[in-house]
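Please look over the sequence and the model below before reading on. The text after them goes through the structure part by part.

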Amino acid sequence: MNILNIQLPKNHFHTLLHFAQNKEHNVYSNWHGSTSYENACGIHTLTEQDNHVINSADKEGLIKYIEKFINYYDIDILQVADPRKAYLHTHFQDKVQYIGPSEIAAQLETDKLFSKRMADTVGVKTPGIIKQGKYSDADYGTNLTFPAIEKPANVWSPAVNLFNEADAERAIEKVKSTLHPQSGDTSEEYFIEEYISDMIETNVFFVVVNGEYRITHTQEIIGENLNKTIDQKVWYIGSYIKPLKPEVDIIVRKEAEAYLEKIAYLGGNYEGSFCGAYTSTGEWYFLEINVRPDIFNSTPTFMTGEDYIKGMTDDISLIEKAWKDKTCDKLLITNVDKNEEYPMNLHEKHNVSVPNNLEYKDNKFYVSDYGTNNGGCGTVVADHDISKEFIKEVEETTTWTFNKDPNG
């Protein structure tokens, strides 16, 4: 089969790499910056002209272009993992096998107020709103209680923590200079929520197929939230991922199911995840949702390409069966020197899924600029049951190290 994937910057998820590496399908994909890693993994990156159109065309122009591309390359499967382009679902869902959210389902990610209100309608707790308005308002960034977390109301952009008055003043400066990470358009709206300090940050990973949903797995992330600062950093430096405790997992899944039951009817066939806060009193708060696969929630290599495609387009039970009694190890690996060669040979030796966000130059692999911070760098290794031998050999024979649990 021939797959056309429309993806986010430097975010080719593991399933896509798996398809290409094992030559199960011809995979075509857009790109951002260097194409070296994608090409090294067997992905056919689009020409510079094709890529420019996909990244810059308006709605009507992109629909026409995708139609030509589908006909020319005989595309069987269109996979759209960029929620800003979910209108392609409306146009192409009956013309090719389509994997991706519907337009209204995509709003869950691109419109944070919409997804927050959705949680409210099904009785899932959300943090209270402290303040809301437009970035152009004269009182933006003032009269706040700290810590707080700021989110764009209707623009697709990450949340930003405001821990103190200095953070708020920095946010005001960035808005005035149009450098605010949320939006360069001061007419856009924002809202500021309570920051839930007494919590662990949880992720729930799921698939939605033809109005049904399944939860595949859950996890706890330590440290990610602290890196959502007004001067944003690469979040996984100093972070750690681990499974939820069984008693927490039960509560989190129950709350998540109430939300998933509602959104499954919005249409589309897609992988997704949402972030929540579980407090010491046993309460779970919805924070935000992704309606696309990324480096954390993509199905690893224990599914064949054929089963994955059939599961995502027709038979969700295949996804459920693939995850039954399985875990997905997710290890953050870092180096203090961003110029250090990445040990790809050890992935091949121990049969471990390749990581994301790498570049290939001079016949060697390196972490791309997307994964660098203050001279250091890092990426994520995600696969089913990563062997201790792999971890040991990486740390004993290279300068790369795996992040450790700060809580022991």
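**A walk through the model**

Four of the five residues of strand β5 (residues 97-101) are buried, so this strand is largely enclosed by the rest of the structure. Buried here means under 20% relative accessible area, exposed means over 50%, and partly exposed lies in between, with a 1.4 Å probe and protein chains only. Strands are DSSP runs of E with at least two residues, helices are runs of H or I with at least four, and both are numbered from the N terminus. The partner of β5 is strand β4 (residues 77-80), and the two pair in the parallel sense over three bridges. Two strands count as paired if DSSP finds at least two bridges between them.

The structure is a predicted model, in which local features need pLDDT of at least 70 and side-chain atom pairs count only at pLDDT 80 or more, while totals for chains, interfaces and linings use all residues. Residues are numbered from 1 along each chain as its sequence is written, and side-chain values use heavy atoms, with hydrogens and water left out.

Now the protein as a whole. It has 13 helices and 20 strands. Its radius of gyration is 21 Å, close to the 22 Å that the globule rule gives for 408 residues, so the protein is as compact as a globular protein of that length. That radius is taken over C-alpha atoms, and the rule is 2.2 Å times the number of residues to the power 0.38. Along the principal axes, the C-alpha atoms fill a box of roughly 55 × 55 × 45 Å. Of the 408 residues, 57% count as buried. Among contacts between residues at least 6 apart in sequence, 68% join residues at least 24 apart; a contact means heavy atoms within 4.5 Å.

Another strand to find is β11 (residues 212-222). Nine of its eleven residues are buried, so β11 is largely enclosed by the rest of the structure. It pairs with strand β10 (residues 199-209) in the antiparallel sense over nine bridges, and V204 stands opposite T218 in β11. The two strands form a hairpin with two residues between them, and N210 in the turn has a positive phi of about 50°. Strand β11 is also joined by three bridges to strand β12 (residues 240-242), and these two run antiparallel. There, E220 has K242 in β12 as its bridge partner.

Which strands form the open sheet of four, and in what order? The order is β18-β19-β15-β20, with antiparallel pairing. At the edges are β18 (372-373) and β20 (401-402), each of which pairs on one side only. Strand β15 (residues 329-335) runs antiparallel to β20 and is joined to it by two bridges; T334 stands opposite T401 in β20.

The loops hold some local details. D74 lies in the loop between α4 (59-73) and β4, and its phi is near 55°, a positive value in a residue other than glycine. At 52% relative accessibility, D74 counts as exposed. The loop between β6 and β7 contains N143, which also has a positive phi of about 55° although it is not a glycine. N143 is exposed, with a relative accessible area of 73%. P147 is found in the loop between β6 (129-134) and β7 (148-152), and the peptide bond from F146 to P147 is cis, with omega near -5°.

Leaving aside residues up to four places away in sequence, Y190 touches several others, including K131, Y135, Y140 and E150. Y190 and K131 are 59 residues apart in sequence and 8.5 Å apart in space, C-alpha to C-alpha.
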